[in-house]
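I opened the notebook to go through one chain.

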Amino acid sequence: MPQPTTRLRPVPLAPEISLHLAADSAGLFDSAGGEFRSDEPPPFWAFVWAGGQALARFLLDHPQTVAGRRVLDLATGSGVAAIAAAKAGAAEVAATDLDPASEAAARRNAAANGVTLSAPAEAPDVLLAGDVFYSPTVAPEMARQMRAARRKGAEVLVGDPGRGYFPDRLFDRIAEYAVPVPAALEEAETLVTGVWRMR
């Protein structure tokens, strides 16, 4: 799949961070000629999603949440939450994603912001995930990984703008933001997005 054209731009809700992003007018499947291909994931990493933005804003405003702690950003996408954690003083930050292009994008974006991503710790102190409950196949696996981390004592924080498969019964909302988003992606210019802590 051809890669979308990106340029370094500030994150709307967290302008302290700049990411290599596709144009606001771009859609998720534009680089594939508008077609979904199951053999290759779409370039989620070329966009900064509402959940990741909300998590980033929360961490930058509440650095004590991650300061001195080991952090894992699950399904990192562009890496925005991981970068915010690093800027907020986390001892180490790892970012993982099923898509190798996403992990590469997160490292590139981290470098652009003067921070470094580490290899994942076996038992992170804080697990982050933004906008991961978007499909009926992905959501249960995300919840399983979060519950496993929670059982091992990790604090689990999720940014979610009301995606259809978010299991809100497992979480308490600790913050809420009106997040600017590209209309080409979300069919809206802002999404009210919660930051949630797993019970």
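Which residues of α2 are buried? I read off Val80, Ala81, Ala82, Ile83, Ala84, Ala85 and Ala86. Buried here means under 20% relative accessible area, exposed means over 50%, and partly exposed lies in between, with a 1.4 Å probe and protein chains only. Helices (H or I, at least four residues) and strands (E, at least two) are DSSP runs numbered from the N terminus.

Before going on I noted the source: this is a predicted model, where local features need pLDDT of at least 70 and side-chain atom pairs count only at pLDDT 80 or more, while totals for chains, interfaces and linings use all residues. Residues are numbered from 1 along each chain as its sequence is written, and side-chain values use heavy atoms, with hydrogens and water left out.

Entry: α2. I found this helix mostly covered, with seven of its eight residues buried. Its buried residues pack against β2, α1, β3 (70-74), β4, α3 and β5. Just after α2, I noted a positive phi of about 100° at Gly89.

Entry: cores. A nonpolar core is a set of buried Ala, Val, Leu, Ile, Met, Phe, Trp, Tyr and Cys residues joined through side-chain atoms within 4.5 Å. The largest one has 40 residues, and Ile17 and Leu128 have the most contacts inside it. I listed the elements that each supply at least two residues of this core; among them are β2 (18-21), α1 (50-61), α2 (80-87), β4 (92-96) and α3 (100-112). Apart from this core lies another, of 20 residues, including Leu74, Ala143, Trp196 and Met198.

Entry: Ile17. I looked up its contacts (heavy atoms within 4.5 Å), leaving aside neighbours within four places in sequence. The list includes Arg9, Pro10 and Val11, as well as Val80, Ile83 and Ala84.

Entry: whole chain. I counted five helices and eight strands, in the order β-β-α-β-α-β-α-β-α-β-β-α-β from the N terminus on. Buried residues make up 53% of the 199 residues. Of the contacts with a separation of 6 or more, 65% join residues 24 or more positions apart. The C-alpha trace spans about 45 × 35 × 30 Å along its principal axes.

I also checked the radius of gyration, taken over C-alpha atoms, against the globule rule of 2.2 Å times the number of residues to the power 0.38. A compact globule of 199 residues would have a value near 16 Å, and the chain has 15 Å, which agrees.
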